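Student: I'd like to go through the aromatic rings here. Can you take me through the calls one by one?

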Amino acid sequence: MAEELQLGDAFAALGCAPLVDAMGRVHNHRAHILPLASPEPGRHLFGQAATIAYMPWRDDVEQCSQTFADFFYRAVGESPGGKVLVLSSGGYPEASHGGGTKLSRVARHGLAGVLADGRLRDFGELREHGFSTWCRGEATRWGGDTVTPYAADVAVEFAGVSIVPGDYVFADTSGAVVIPARSLGRVLAVAQEIEAEDARSAQEIRSEQYPRQEPI
């Protein structure tokens, strides 16, 4: 856990943009998610993904009768500490996918936070829980008659990005990035190289002289 906290601090020091650039150099697939909303934007999010796939609600599908808790405990497994609970949209990113009561389990079991491709209720409660939350925005209406959990610990689609259980997720005010676990060290190193390149370029720009025009 201590090592992950140090990694999270290293990622936070860089921010999302250089990590997205680094992913572009290491991998060819889409890995960036555009900015999301948070009840506490100052909290960055970092950890390994534990996924729940949502689908449109139906009254004749067995999974739709199961509770959120059933899917939550399947997703996080026996070692939930430090993980990021990832909720797919189920095709309805404007619907509520949960709120302060259901997601209090995130705090109780020591997860790093929540990344939801839908809206969440009770921003005030989520803020008080202390974990990091990023989603499509706050909701007021219950969404259980619109979308429902369908599967846990599976690959999900999130805003056009594939997230596989165990991927690392980083999110801050500028967006989010999804990094395969086996590439984490490489992506971090490349992102630090990019930051150094940008610093050198900025220094060169500051030392540029305004070009003198030759007399006609």
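Student: What makes the charged end of Arg74 count as sitting over the ring of Phe71?

Tutor: A charge sits over a ring if NZ of Lys or CZ of Arg is within 6 Å of the ring centre and within 35 degrees of the ring normal. The charged end of Arg74 is 4.8 Å from the centre of the Phe71 ring, and it sits over that ring. Bear in mind that this is a predicted model, where local features need pLDDT of at least 70, side-chain atom pairs count only at pLDDT 80 or more, and totals for chains, interfaces and linings use all residues. Residues are numbered from 1 along each chain as its sequence is written, and side-chain values use heavy atoms, leaving out hydrogens and water.

Student: How many aromatic pairs does a search of the whole structure find?

Tutor: Five. Rings of Phe, Tyr and Trp (its six-membered ring) pair if their centres lie within 6.5 Å; planes under 30 degrees apart are stacked, over 60 edge-to-face, and the rest tilted.

Student: Why is the pair of Phe11 and Phe170 called tilted?

Tutor: Their centres are 6.1 Å apart and their planes meet at 45°, so tilted it is.

Student: How do you know that Phe11 is buried?

Tutor: Buried means under 20% relative accessible area (exposed is over 50%, partly exposed in between; 1.4 Å probe, protein chains only). Phe11 has 0%, so it counts as buried. Phe170, at 1%, is buried too.

Student: And why are Phe46 and Tyr168 called stacked?

Tutor: Their centres lie 5.4 Å apart with planes at 25°, so that pair is stacked. Ring pairs link Phe11, Phe46, Tyr168 and Phe170 into a cluster.
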